[in-house]
Amino acid sequence: MTLSLSTPARLLIIAISLTAVQIALLLLVSGKPTLSESFSNFGHWDSGWYANIAATGYHTTLPPTPQDAGSNVAFLPGYPLLVAFFYHIVRLAIIPALLIPAELAAVGFWLYVLLLLRRWNVSLSLQMIGVALMFSYPSSLFLVLGYSESLFLFCVLGFVYWSDVHDRRGTILTAVHGFFAGLTRLPGFVLAALPLAGAANPSRRRSSMLKIFAVMMGGIAFFAYCAIEFGAWDLYFQTERIGWGTSFNPGALLQASTYLPVLPQMTLVDINPIQVSRLSVSFILAVLIVLLGIDLSQKDLSRRTRLPLYLTAFLFWLIAVASMAGYNHFDSMIRQTLPSYILLTLAGVHLAQHRPSIKKWRLPLTGLLIAFVILCAFIQMLFAYRFLHGEWVA
């Protein structure tokens, strides 16, 4: 008797395997003698803030004083709510409560990646290249740490995936993913731009408006809570500005210094993560420009699938640059650009699948991409070692 698995089941197994491999790699570089000690190091830096919110709820002074942990209203509640469920309801210790929702969301993220590639009929070789590019990106280690990256990306790709299902189920699932994207990270508001084109179509107007409303309500619900509970709807922005020096500065987009690439100082045992973050600003913009240049060079009906990915990636990048410019010169940018990089990678894979002319460059491009994957994977392991030993990464 043979066991026959459906395609979604096979993709789920692959998604679980990718997540498990990433966890295993981080455990290998943790340098701790037991699994318990190793996993405890998955919860450094911002993880402590998420744990604090999940365990005690939001609290603040007025004006906020995040420097002495007197105020913690600097993180949206999507991820802390899940952590609180595992901590208060399931009664897990705080580290497992932090990691289980993040790593389950990582599985969901990879599943949506694979489902999108299958929907687009991407060849196996291109699928492998796309997955390798995403898996190896330096900040992809945050997918399995006690951070909100995996949950946010799960919601974003879920929104993208279900947006192309034009029935009641698709509309509801798109709205749910959009709501939680907005509730998890402030840039989730960007997703409200994607259904706008559908709103012009009378047959899709109601469903498009529901999707837009759901995305907006995710963040608005949090700001309404801040207004009711603390008397300041903008408490999040106040706390970010006082505690981390971050504020929305569109002028940074017009400054030449924003785009000057900085070659990171790197050895076989360490790398300067702040310099990598600064480099990611110009890198993401360059990738977007190159892909758009190739895409617009020929007429191609399949471009309609890629345009929303380009737009979302650009808006995520724009918000990250304008928000992080004052934070020690883009200190966390390599992590903030992860959503843009994921979407651009998906767009690039889709473009390669539908543009046969690219095949004549297959050998040099493959060699270049393999070298890039190896370099990124090496940097990711250096990042992992730093993070798991308590040093700042992003």
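Is aspartate 295 buried or exposed? Select aspartate 295 and find out: its relative accessibility is 0%, so it counts as buried. Keep in mind that you are looking at a predicted model.

Aspartate 295 and arginine 306 form a salt bridge, with their closest N and O atoms 2.6 Å apart. Aspartate 295 sits in helix α12, while arginine 306 belongs to helix α13 (residues 303-324), and the two are 11 residues apart. Arginine 306 also has a relative accessible area of 0%, so this residue is buried too.

Next, select arginine 386 and aspartate 270. Their side chains meet in a salt bridge, 3.0 Å from N to O. You will find arginine 386 in helix α16 (residues 362-388) and aspartate 270 in the loop between α11 (235-244) and α12 (273-295), 116 residues apart. Arginine 386 has 11% relative accessibility, which is under 20%, so it counts as buried. Aspartate 270, at 30%, is partly exposed.

Move on to aspartate 164 and arginine 119, whose side chains form a salt bridge at 3.8 Å, N to O. Here aspartate 164 lies in the loop between α7 (149-163) and α8 (168-184), and arginine 119 is in helix α5 (residues 94-119), 45 residues away. Both partners are partly exposed: aspartate 164 has a relative accessibility of 46%, and arginine 119 has 29%.

**Last stop: a network.** Finally, select Asp46, Glu149, Arg185 and Arg335 together. Salt bridges link these residues in a network. For the whole model, the count comes to 8 salt bridges.

Terms used:
Residues are numbered from 1 along each chain as its sequence is written. This is a predicted model: local features need pLDDT of at least 70, side-chain atom pairs count only at pLDDT 80 or more; totals for chains, interfaces and linings use all residues. Side-chain values use heavy atoms; hydrogens and water are left out. A salt bridge is a side-chain nitrogen of Lys or Arg within 4 Å of a carboxyl oxygen of Asp or Glu. Helices (H or I, at least four residues) and strands (E, at least two) are DSSP runs, numbered from the N terminus. Buried means under 20% relative accessible area, exposed over 50%, partly exposed in between (1.4 Å probe, protein chains only).
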